[in-house]
Amino acid sequence: MPRFAMKVAYDGAPYSGFQIQDNVRSVQGELEKAVAKLDPHAPRITCAGRTDAGVHAMGQIVHVDLERDWDPFRLAEAMNFQLRPNPIAIRAVALVDDDFSARFSAVKRRYLYRIIVRRAPQTFGRGTAWWVRHPLDPSPMHKAAQSFLGLHDFTTFRSSMCQSASPVKSVDRVDVEAFDTDEGLEIQIHVEARSFMHNQVRSFAGTLERVGAGRWEIDDVRAALEAKDRARCGPVAPPEGLYFAEVTYPTEIFADGFVDG
């Protein structure tokens, strides 16, 4: 059976996470319903990383085996037709080797966390970022974020529900950037690593918000990390600001497939 990789974007607000579950809507469930319309015998899809309820994606990658050898463009068009009116879009499709795995072939994942700082409630962007009413200074947030770089025991920033085998992870990039927009000051937190633990990025974001608000010092973040104690973590940021942004593989999988403009 030909194996296809798909780049998927979605608004996570209507769903109880990516993973299929009984009696609730999930991104995986809607994707598999669409696949079943095209191939009733298709097996379950595999994703690069599961997202929680309310978390969005710009570059989630899934793979699926189909009986028919589809043209990538036509497969993307057919999937997007079947997915309507869900806020889920297939942005790219490529035929891949049989040993490709959306999950296990990945060498890096990138998450984005968005914060909008303004006194008035959000209007057009409601539900797409964490709305913070008080001022935040992004400069100390970025400096504090550098404490997360490298190989560490991230127990402090690990959810009690995390199923990862170890709290020891290596983080390759943590950048905090700020932009003036029509909606207010937007602060973006970019985090890259090979793999992540449950709530790790939201725990980073909530802790860094305390630094930006002047409630924590930069050294407090390092002390919390070194404590290896979940009780030392700052508040966990809400899910609506988190995006699964990008997945990197050893080779560019969509080079010969269909990619949207």
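Predicted model: local features only at pLDDT ≥ 70, side-chain atom pairs only at ≥ 80, totals over all residues.
Figure 1. The side chain of Arg110 meets that of Glu246 in a salt bridge, with a distance of 3.1 Å from N to O. Since Arg110 belongs to strand 5 and Glu246 to strand 10, the pair ties together parts that lie 136 residues apart in sequence.

Figure 2. The structure as a whole holds 13 salt bridges.

Figure 3. Within helix 1, which covers residues 27-38, Glu30 and Lys33 are placed three residues apart, about one turn of the helix, and their side chains meet in a salt bridge of 3.5 Å from N to O. Glu30 is buried at 10% relative accessibility, while Lys33, at 52%, is exposed. A salt bridge is also formed by the side chains of Glu32 and Arg44, with 3.1 Å from N to O. This pair links distant parts of the chain, as Glu32 is in helix 1 and Arg44 is in the loop between helix 1 and strand 2, 12 residues apart. Here Glu32 counts as buried, having a relative accessibility of 15%, and Arg44 is exposed, having a relative accessible area of 53%.

**Figure 4. The largest nonpolar core and the surroundings of Met6.** In soluble globular proteins, nonpolar side chains tend to be buried together. The largest nonpolar core of this model contains 75 residues, and those with the most contacts inside it are Met6, Leu31, Met79, Ile90, Ile115, Ile189 and Tyr249. Strand 4, residues 88-96, gives the most to this core, contributing six residues. When residues up to four places away in sequence are not counted, Met6 touches Gln60, Ile61, Val62, Val64, Leu75, Met79, Ile90, Ala92, Val93 and Phe254.

Figure 5. Glu186 is part of strand 9, which runs through residues 184-193. Is Glu186 buried or exposed? With a relative accessible area of 8%, Glu186 is buried, because the limit for a buried residue is under 20%. Once neighbours within four places in sequence are left aside, the residues in contact with Glu186 are Arg114, Ile115, Ile116, Glu177, Ala178, Phe179 and Thr181.

**Figure 6. The largest pocket and its lining.** The space in the largest pocket amounts to about 1100 Å³, and 36 residues line this pocket, with Gly49, Arg50, Thr51, Phe196 and His198 lying nearest its centre. At least two lining residues are supplied by each of strand 2 (46-47), strand 5 (108-117) and helix 4 (200-212), and helix 4 gives the most, with three residues. When the lining of the largest pocket is divided by class, 15 of its residues are nonpolar, 14 are polar and seven are charged.

**Figure 7. The second largest pocket.** In the second largest pocket there is about 220 Å³ of space. Its lining consists of 14 residues, among which Lys7, Glu246, Val247, Glu252 and Phe254 are the closest to the centre of the pocket. Strand 3 (56-65) and strand 10 (242-248) are the elements that give two or more residues to this lining, and strand 10 gives the most, with four residues. The lining of the second largest pocket has seven nonpolar, three polar and four charged residues.

Figure 8. Asn23, found in the loop between strand 1 (3-10) and helix 1, has a phi near 65°, which is a positive value in a residue other than glycine. With a relative accessible area of 81%, Asn23 is exposed. Lys228 is another residue other than glycine with a positive phi, near 55°, and its place is in the loop between helix 5 (218-227) and strand 10. At 49% relative accessibility, Lys228 is partly exposed, because a residue counts as exposed when its relative accessible area is over 50%.

Notes:
Residues numbered from 1 in each chain as written. Heavy atoms only, no water. Buried < 20%, exposed > 50% of the residue type's maximum accessible area, 1.4 Å probe, protein only. Contact = heavy atoms within 4.5 Å. Core = buried A, V, L, I, M, F, W, Y, C linked by side-chain atoms within 4.5 Å. 1 Å grid on protein atoms, 1.4 Å probe; cavity = no way out; pocket = protein on both sides within 12 Å on 5 of 7 lines; lining within 4 Å. Points joined across faces, edges and corners; volume = space filled by probe spheres on them. Nonpolar A, V, L, I, M, F, W, Y, C, P; charged D, E, K, R; others polar. Salt bridge = Lys/Arg side-chain N within 4 Å of Asp/Glu carboxyl O.
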